Amino acid sequence: MIAFTKHNLRFRRPEEDSFDYDLNGKKIIVAVADGITRDSVNGKYPNPSPAKIAADLFVKSFISEAKRKNSIEKSIKNSNNKIAKLNSSLKVDYLANDYWACVGVGGVITNSKLEYGFIADCGVCVFSENGKLKFRTPNEGPNSRGSIDEDIRKKYKTSFTEEKGRKIIRSKYRNNIDEKLSYGAFTGEKSALGFLRTGDFDLSKGDYIVFYSDGFIPIIYSKEFNIAKEFNKLEDFFDSKLDKIDGSEGTIVALRAGKKL
């Protein structure tokens, strides 16, 4: 198992990714989460960030729930419910007092099967033993269905750079199944589960399984990345690509399938 978070040195925000895994018993459980970026408070970015607290809670909860032999869907649902409790006394204004929230992916590997669930742009992929991509979850993060900023410029004469625009995006586009450009996030709202995607994939001996947050998408799916060649020095490879991270940070949890998992 190889797991780490790396930071884009151009950004100075506090860490908001989280990951954990459990190797005990007859199954492997993995979770990765990415906290939802916050607005600054009185000109300063919050530290510790509520986004990091939500990401940590999701990861810890998913591991605990999956160890109880719950389904992927139930494990994630219960994790979202715990984030709801985190926000229970919050007077949400979608700006400085936005939901404490994250996106994430969780998976369970038993024998030769990967079961997974994800929301938005965290995901999981599988490469063959020679490094060829066999499977990946789709990116369903913000703007994956079209430009939200362009949409709100036309409809509301504003943009994400303005408080009005951010409030509209978070209140009308996030977790709104009726909006065609919508995206999901674990805010604790029940509507978030409408954006949960689950599935499974049959593994072969020698496959590489990679869980990740969106910051690493440009690296993982680039032509220069061959996990079969880089696996034993994976962290060094990512250290050489910090400028390619999308945003402030990226997280990866990677492992290789054997005869018995």
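Biologist: Why is cysteine 125 called buried?

Modeller: The word buried is used for a relative accessible area under 20%, and cysteine 125 has a relative accessible area of 0%, so cysteine 125 is called buried. Please keep in mind that this is a predicted model.

Biologist: What makes cysteine 122 count as buried or exposed?

Modeller: Cysteine 122 has a relative accessibility of 1%, and because this value is under 20%, cysteine 122 counts as buried.

Biologist: How many disulfides does a search of the whole structure find?

Modeller: The search finds zero disulfides. For cysteine 122, the nearest cysteine sulfur is that of cysteine 102, at 7.8 Å, whereas a disulfide needs the two sulfur atoms to be within 2.5 Å, so cysteine 122 is in no disulfide. For cysteine 125, the nearest cysteine sulfur belongs to cysteine 122 and is 12 Å away, so by the cut-off of 2.5 Å cysteine 125 is in no disulfide either.

Biologist: What makes aspartate 239 and lysine 6 a salt bridge?

Modeller: Side chains of opposite charge can pair when their charged atoms come close. The closest N and O atoms of aspartate 239 and lysine 6 are 2.9 Å apart, and because the cut-off for a salt bridge is 4 Å, the pair is called one.

Biologist: Why is lysine 6 called buried, and why is aspartate 239 called partly exposed?

Modeller: Lysine 6 has a relative accessible area of 12%, which is under 20%, so lysine 6 is buried. Aspartate 239 has 35%, a value between the 20% and 50% cut-offs, so aspartate 239 is partly exposed.

Biologist: How do you know that lysine 82 forms a salt bridge with glutamate 65?

Modeller: Their closest N and O atoms are 3.6 Å apart, and because this is within 4 Å, the pair counts as a salt bridge. Lysine 82 lies in helix H2 and glutamate 65 in helix H1, so the pair ties together parts that are 17 residues apart in sequence. With a relative accessible area of 30%, lysine 82 is partly exposed, while glutamate 65, at 7%, is buried.

Biologist: Why is the pair of glutamate 140 and arginine 145 called a salt bridge?

Modeller: The closest N and O atoms of glutamate 140 and arginine 145 are 3.8 Å apart, and because the distance is within 4 Å, the pair is called a salt bridge. Here glutamate 140 is buried at 13%, and arginine 145 is partly exposed at 36%. The structure holds 21 salt bridges, and Asp39, Asp98, Arg166, Arg170 and Arg174 are linked in a network of them.

Biologist: Which residues of helix H4 are buried, and what do they pack against?

Modeller: The buried residues of H4 are Gly165, Arg166, Ile168, Ile169, Arg170 and Tyr173, and they pack against helix H3. H4 is followed by asparagine 175, whose phi is positive, near 60°.

Biologist: What is the peptide bond from asparagine 47 to proline 48?

Modeller: This peptide bond is cis, with omega near 10°, and proline 48 is found in the loop between strand S3 and H1.

How values were computed:
Residues numbered from 1 in each chain as written. Predicted model: local features only at pLDDT ≥ 70, side-chain atom pairs only at ≥ 80, totals over all residues. Heavy atoms only, no water. Buried < 20%, exposed > 50% of the residue type's maximum accessible area, 1.4 Å probe, protein only. Helix = DSSP H or I, 4+ residues; strand = E, 2+ residues; numbered from the N terminus. Contact = heavy atoms within 4.5 Å. Salt bridge = Lys/Arg side-chain N within 4 Å of Asp/Glu carboxyl O.
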